[in-house]
Structures are given as structure tokens and as C-alpha cells.
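Hi there,

I am passing a structure on to you, and below it you will find what turned up in it. Have a look at it first, then read on.

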Amino acid sequence: MSKLRVLLLPLVVCCALITVQAQTTLQVGTPIERTLGPGQTHDFTVTADENSFIELVVEQRGIDVSVKVSSPNGKNLGEYDTPNGAEGPENVSFVATAAGTYRITVSPLDSTAQTTGRFEIKLIEVRQATDQELKANKNHEEVKAKGIALLAEIEATADQIKSPHNRIQAQLKAAELL
């Protein structure tokens, strides 16, 4: 009997891990509720075809969260946080420009806070993006690239500001914008 337990234990552990992994894949219309505490993060995945529009919502319940979206190659596509505090929705939508698995990371907004709360994440829709959504996404990427280039220019010239107070203010503002 003890040999049987030794043989079955790894099987039970593997099945439990597979179940946990399956719960992290978001399915349209199926909410997942989790508890989130200090220093914790929860990762979820969404599989999408090229040029898909993805919309999801994270309902905060007692903890202010930040939602980060990463592309299949690990590129940060955006971090989402609205000023609604520890209650209410964080609405997230993006265009998947490449086919693959996108990662959604939910973490406390304030990593130093000792607050524990709950959240519910729900995939609202995955569909083919409209021409307008594709164009808006392309424009967003172009504006972001131009903004980063402009900030790099400002950073290079900030050292030329004679007043230490003004120089520090300019550097802080550039860092905030980045």
C-alpha cells in the first residue's frame, strides 16, 4: 500500500499543477477570482490571432491593482491603472499585432502597501480588430516612439540648464514621462 502511495503522489501533484495552470488561461466570459497580497503577482494568458482586439476587465475588491500586458515576445504593451482606488474596474483593451500568447500580470499598485484584497479578472472579448482599431494602435506606437525620442533629446540638453533647481525639475519631469 505504501508503494502505491509513493507512485501515486507524483501523479496527484502533477494533476494539481496542471489544474492550476489551466486556471490561468483566460476564456471569454469566464471570471477568475483571486486574493492578492503584498508583493504578490498573478499571471494570466490570452491566446490571440494576428490583428485581434482583446478586451478584459479586472474588478478590484479592496486592493488597488496595476495590470500589465506583455506580447508573446515579452515586450511590454502597456500598464493599466485608473484613479478609482481599491474598488471598481480596471478596463484593459489592446490590439494583438502578432499571433501568440499574451501575458496579463496583475499586481498591487503600491508594492510597499501591506493591503490584501481580492480581484476578479474576466475576458470580455477576443475578435478581429477593426480597421479603425488597427490604425489607432499604429498611431499610438508612432506617437510613443516620437515621445521617447523627444525625451531623450531633452535629457541630453538638461545638463546645460544652469539653475540646479530647474535642471532637477526638468530631469524629474522627463523621468516621470518615461
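Before the overall pattern, one definition: helices (at least four residues) and strands (at least two) are runs assigned by DSSP, numbered from the N terminus. Please keep in mind that this is a predicted model.

With that, the protein has three helices and eight strands, and along the sequence they follow the pattern α-β-β-β-β-β-β-β-β-α-α. Of its 178 residues, 28% count as buried. The protein exposes about 11500 Å², and 57% of this comes from carbon and sulfur atoms.

Now to a sheet. In general, strands of a sheet pair through backbone hydrogen bonds, either parallel or antiparallel. Here, four strands in the order E2-E7-E4-E5 make an open sheet with antiparallel pairing. Strand E2 (42-48) and strand E5 (76-80) each have a single partner strand and stand at the edges, so one side of each has no neighbour in the sheet. From one strand to the next, the twist averages 20°.

Which strand does E2 pair with over seven bridges? The partner is strand E7 (residues 100-108), in the antiparallel sense.

One more residue deserves a look. Most residues other than glycine have a negative phi. Asn-51, however, is not a glycine and has a positive phi of about 60°. Asn-51 sits in the loop between E2 and strand E3 (52-61). Its relative accessible area is 23%, so Asn-51 is partly exposed.

Enjoy exploring!

Best wishes

How values were computed: Residues numbered from 1 in each chain as written. Predicted model: local features only at pLDDT ≥ 70, side-chain atom pairs only at ≥ 80, totals over all residues. Heavy atoms only, no water. Pairing = 2+ DSSP bridges. Axes fitted to C-alpha atoms, helices over the stretch in contact; angles between N-to-C directions. Buried < 20%, exposed > 50% of the residue type's maximum accessible area, 1.4 Å probe, protein only. Areas by Shrake-Rupley, 256 points an atom, 1.4 Å probe, with all protein chains shown as cover.
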